[in-house]
Amino acid sequence: MEVELKELLADLQSLKLSLPDPSNRASIDQLEERVERLTKLANSASLRRSKVKDLSAEVVDSNPYSRLMALQRMGIVENYERIREFSVAIVGIGGVGSVAAEMLTRCGIGRLLLYDYDKVELANMNRLFFRPEQCGMTKTDAAVQTLSDINPDVVLESYTLNITTVQGFDTFMSSLRNKTFRPGKEGTGVDLVLSCVDNYEARMAVNQACNELNQTWMESGVSEDAVSGHIQLLVPGETACFACAPPLVVASGVDERTLKREGVCAASLPTTMGVVAGLLVQNALKLLLQFGQVSPYLGYNSLKDYFPSMEMKPNPQCSNAACLERQREYILAKPARDAAIKAKMEVEARTTVEMPLHADNEWNISVVDDCEPLRGDVSSSDALPEGLTRELPNADEFHKFPAAEPSATTFDDIEELRRQLDALNAD
Ligand SMILES: [Zn+2]
């Protein structure tokens, strides 16, 4: 674009010089000015921020990580900077996967591996992330284009392939094993796989790969009527795998794709997909950065705003051989795991005694007992800053009823009470 504009400007200048009548030059001057303005606009649009070496907690408008590092400062996350060490693989860059990729990119994830074989179409524009001018590009390439502009610090790997083909599955497996990003890492080269695909066959392929590689992953899905969805954590051997509890309705031995009739398609809403992507990445962050509780399974019914949650144990009769192998390993490792948990709890118990909960109280926050009367009988309306008054009476005013007269009759025991009742009934 910049080159074309430069050429256009040169053409206009030579046209101006070749004109025999100088009176026509004014309109060419105007055209030149417009091209110069467009060149400036094009240059500013392509301005990208430079890479950041270390995450900084400095509170300045120019720091892209200040709001994220504040999580550390507020004690939500112990070490936010660790996010740069993590690699997350996202399979399926559609309505959920693309938004999940953008969220992780904005959070400053270390490395993202993106898998999809599809192209961007106008029919995808009801969802978030992709733009109309990206139509015809592969979803992976279009995603890399947008994500690298948003955050150039993230290492992006794009795999335009179908993981349900033999070759695609092999490439998928070897890319997950690749440890060049963090050579010292145990297990595979990725910390988490997010499945954001829209069909059973692809989910089974992710399940197979993760069971074989002993790789923790999260599954996500949105219903065909676009009004419900779910996320699920799958830890091989520890929780149910995707084959342990298969869905109730699946294609019966026929190619699932042949079930899709021409001109008939699933509904989709950017809202439901955005919510599911948000829940998925929220739980991915909790798992990676070790804060809060990770949901084992969380459903979302948008019609009733209902979020069912449950846990699923692995099925000892699972049809997946790799799942059974992981289950055996998990049971064998139980004594070591229990000992580690016990040791950790002991250490935590000791540090709780030794360490004050909040050593530095920068904001002067103190805990006040609800029952304790306010010091010096200061009513809470007095606590308002100068210049503010209460529109409604203070809640304390309602408590200032005259004290009830102490009851004239007191009952020493049940017998006395019974006598009183009998006397009343006799009247
Ligand atoms: Zn299983």
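Visitor: Let's begin with the helices. Which way does α4 cross α5, right-handed or left-handed?
Guide: The crossing of α4 with α5 is right-handed. Keep in mind as we go that this is a predicted model.

Visitor: At what angle do α4 and α5 pack, and how far apart are their axes?
Guide: The angle is about 25° and the axes are 9 Å apart, with α4 covering residues 97-106 and α5 residues 139-150. Angles under 35 degrees count as roughly parallel, so that is the word for α4 and α5.

Visitor: Which residues meet there?
Guide: From α4 come Ser-98, Ala-101, Glu-102, Thr-105 and Arg-106, and from α5 come Ala-143, Leu-147 and Ile-150. By class, this contact of α4 with α5 has four nonpolar, two polar and two charged residues.

Visitor: And how about α4 with α8, what's the angle there?
Guide: α4 and α8 (residues 270-289) cross at roughly 45°, and their axes come within 9 Å. The two helices are therefore oblique to each other. This crossing is right-handed.

Visitor: Who's touching whom in that one?
Guide: Val-99, Ala-100, Met-103 and Leu-104 of α4 meet Met-273, Gly-274, Ala-277, Leu-280 and Val-281 of α8. The contact of α4 with α8 has eight nonpolar residues, one polar and no charged.

Visitor: Okay, switching to strands. How many are in the sheet, and in what order?
Guide: There are seven strands in an open sheet, ordered β3-β2-β1-β4-β5-β6-β7, and the pairing is mixed. β3 and β7 (297-301) are the edge strands, each pairing on one side only. From one strand to the next, the twist averages 15°.

Visitor: What joins β2 to β3?
Guide: Six bridges do, between β2 (residues 111-116) and β3 (residues 155-160), and the two strands run parallel. For instance, Asp-116 has Thr-160 in β3 as its bridge partner.

Visitor: Which helix goes with β2 and β3 in a β-α-β unit?
Guide: That's α5, back again: β2, α5 and β3 make a right-handed unit.

Visitor: How many bridges link β4 and β5?
Guide: Three, joining β4 (residues 192-195) to β5 (residues 217-222), which also run parallel. Val-193 stands opposite Trp-217 in β5.

Visitor: Last one: which strands does α7 lie across?
Guide: α7 (residues 200-213) lies across β1 (87-91), β4, β5 and β6 (228-234), and runs at about 165° to β4.

Notes. Residues numbered from 1 in each chain as written. Predicted model: local features only at pLDDT ≥ 70, side-chain atom pairs only at ≥ 80, totals over all residues. Axes fitted to C-alpha atoms, helices over the stretch in contact; angles between N-to-C directions. Helix = DSSP H or I, 4+ residues; strand = E, 2+ residues; numbered from the N terminus. Parallel < 35°, antiparallel > 145°, perpendicular 65-115°, else oblique. Left-handed = near helix turned anticlockwise from the far one by under 90°. Contact = placed C-beta atoms within 7 Å. Nonpolar A, V, L, I, M, F, W, Y, C, P; charged D, E, K, R; others polar. Pairing = 2+ DSSP bridges. Right-handed = clockwise from strand over helix to strand, strands pointing away.
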